[in-house]
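Here is a walk through a model, starting where two chains meet and then moving inside one of them. Keep the structure open and follow along.

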Protein chains: 2
Amino acid sequence: MESIKVVSPSSVANVSCGFDILGICLDHTGDEMLIKKSKIPGLRILKINGADISTKIEKNVAGIAAKSYLKKYPSRFGFEIEIIKKVSVGSGLGSSASSAVAAVYGINYLLERNIKKIDLINHAVVGEAYASGQAHADNIAPTMFGGFTLVRDLSSLDILKLPYPNDIYITIIHPEIEIKTSMVREITNKKISMNKVIKQTANLGGLISGLYSNNYELISRCLVDEIVEEYRAELIPDYYLLKESAIKNGALGCGISGSGPSIFSMSKGKETALKVKIGFEEIFSNNKIKFKTFISKINNEGVKVIER
Amino acid sequence: MESIKVVSPSSVANVSCGFDILGICLDHTGDEMLIKKSKIPGLRILKINGADISTKIEKNVAGIAAKSYLKKYPSRFGFEIEIIKKVSVGSGLGSSASSAVAAVYGINYLLERNIKKIDLINHAVVGEAYASGQAHADNIAPTMFGGFTLVRDLSSLDILKLPYPNDIYITIIHPEIEIKTSMVREITNKKISMNKVIKQTANLGGLISGLYSNNYELISRCLVDEIVEEYRAELIPDYYLLKESAIKNGALGCGISGSGPSIFSMSKGKETALKVKIGFEEIFSNNKIKFKTFISKINNEGVKVIER
């Protein structure tokens, strides 16, 4: 194999009661990455389409992740990378995780090495940490493994793939605004009342139970965030209006995707997901902020090779 | 039916990462209650064996719970109650829940009414609230329904019965000391760091997943309490020694039962549970505090009628 092209999906992290632990892999968009072996050692990012980001290895999420991987697993080859960014940077849809996973998975595949996805996680996380300032894997995990993932413990690479009902559709609205990282990071310094911790754990327990038992009503009752939403909602215009509209249109739940500004809604069936999407569009066309909407199934496969 | 005798099991609440929400019904001991219809209206507690507690209706958990039930569902009969307390008062093994559930379930059964267990919960909770000062159901739920229960939301009576692997055994040590309620209540005023909340939710999610998938290793990794143990451990002599010994003897996990002083340990298989019990006894015979130990399967049935 001389070259490879991979697609690495977008994702929803911080799924309601699963702050920093639950993620969902989306089937709708993913970064594409073309990786070529080269006889000249070293990593080079030749081209980036679709986003105005640095091609310098030390300033690029994919470059940093790839470098971490190659430090652990050296190769006599060099690599030339072309990136087609399809997941919008700063959207809250796992853009940096997508690129980080693509680079690490792609190079590993190209080298035909027998290293498991779980052992690639840490290197992708290094890239993600550069972008977000924190080593977390709640976007990395769904993008790598696909499906609905729970990061039980990152340090011991204890990551679970949860089952989920087949008929779940995700509706996304991405308001094209920038959310200040400093506002986002403040959250991690908050202290939470015991009462809220109890509610959050109760909802998380119920959600996991609902996923295992295909109980849509239970899932819906548990798609609640008691601890982060109140701080982040104010950064997103019309957040509560959008959420109310999703629920009114029959969604199982609605919340902020990652650190925002994107908002996700979960529905049973495509028809409801489409209704939610139209509801989102009606509300947001009243203000002057540009936005995108789409619906997506859960992608159960994660990152994959599309050309070799 | 003129009289009935019910047995109402003891339970473990605050199961590790499931503070205030997770409970386990034990097969080992339960309060017994003999309830007789009487033509003289009103409730009377004639006799209590096994504990030095008030027979006054307004000062007795069973009396208060029964009164709450009869206020909602009046009867032309009166009731005479005899209680055989087998679950030690103040042990952390759901003693008050046991009595409250016995009274409400027993009277309802005796009256041959078609009221579901879930609709009896609130009345048992009224009794429990008198004893513990808080309306919570993490002992009431397992005692009523049996098994491994999750109180998702008490106000809407959203209580789940979780599956669990068949070969789980619980080892209990009950050090006969008194834990001051004021110390226990302080916990609910604590504020928890986001980092600990994330760990607690991650462990809870993993535990529920492990219960559904019969994954003992996962259950074991998740039987961790990040937020309450550190405050309560100091109230129980040798707590960390006992816990260390349980783990060394092969237990899946170990923690404080309810508000203590009892300590529970969960094991795969009876043999390991017995080893844990012997380890507990060796440690505790070194100090002068009286104690009891026992092992128990999970009781999947909950409160039941044993004579009519």
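**From the interface inwards**

Let's start with a pair of residues facing each other across two chains: A:Ser193 sits opposite B:Lys191, which belongs to β8(B). Bear in mind that this is a predicted model. The pair is part of a strand-to-strand link, in which β8(A) and strand β8 of chain B (residues 191-193) run antiparallel and are joined by 3 bridges.

Now zoom out to the rest of that interface. In contact across it are 32 residues of chain A and 32 residues of chain B. On the chain A side, the elements giving two or more residues are β5 (148-153), β6 (158-162), β8 (191-193), α6 (194-212) and α7 (216-222). If you want one element to look at, pick α6(A), as its 12 residues are the largest share of that side. Sorted by class, the chain A side comes out at 17 nonpolar, 8 polar and 7 charged residues.

What about chain A as a whole? You'll count 10 helices and 12 strands in it. Its radius of gyration is 19 Å, close to the 19 Å that the globule rule gives for 308 residues, so chain A is as compact as a globular protein of that length. Along the principal axes, its C-alpha atoms fill a box of roughly 60 × 40 × 35 Å. Buried residues account for 54% of the 308 residues. Look at the contacts between residues at least 6 apart in sequence, and 74% of them join residues at least 24 apart.

Next, find a sheet. Four strands of chain A form an open one, in the order β9-β10-β7-β11, with antiparallel pairing. Its edges are β9 (253-256) and β11 (291-297), and each has a single partner strand, so one side of each is left without a neighbour in the sheet. On average, neighbouring strands here are turned by 20° against each other, direction ignored. For a closer look, take β7(A) (residues 168-175), which pairs with β11(A) over 7 bridges; A:Ile170 has A:Ser296 in β11(A) as its bridge partner. Lying across β7, β10 (263-268) and β11 of chain A is helix α10 (residues 270-284), which runs at about 15° to β7(A).

Last stop: a helix pair. In chain A, α2 (residues 95-110) and α3 (residues 117-132) pack at an angle of about 145°, with axes 8 Å apart, and their crossing is right-handed. Among the residues that meet are A:Ala100, A:Val104 and A:Tyr105 from α2(A), and A:Leu120, A:Ala124 and A:Gly127 from α3(A). By class, the residues of this contact split into 8 nonpolar, 5 polar and 1 charged.

Notes:
Residues numbered from 1 in each chain as written. Chains lettered and ligands numbered in written order. Predicted model: local features only at pLDDT ≥ 70, side-chain atom pairs only at ≥ 80, totals over all residues. Contact = placed C-beta atoms within 7 Å. Nonpolar A, V, L, I, M, F, W, Y, C, P; charged D, E, K, R; others polar. Pairing = 2+ DSSP bridges. Rg over C-alpha atoms; globule rule 2.2 N^0.38 Å. Buried ≥ 20, exposed ≤ 12 C-beta atoms within 10 Å, placed from the backbone. Axes fitted to C-alpha atoms, helices over the stretch in contact; angles between N-to-C directions. Left-handed = near helix turned anticlockwise from the far one by under 90°.
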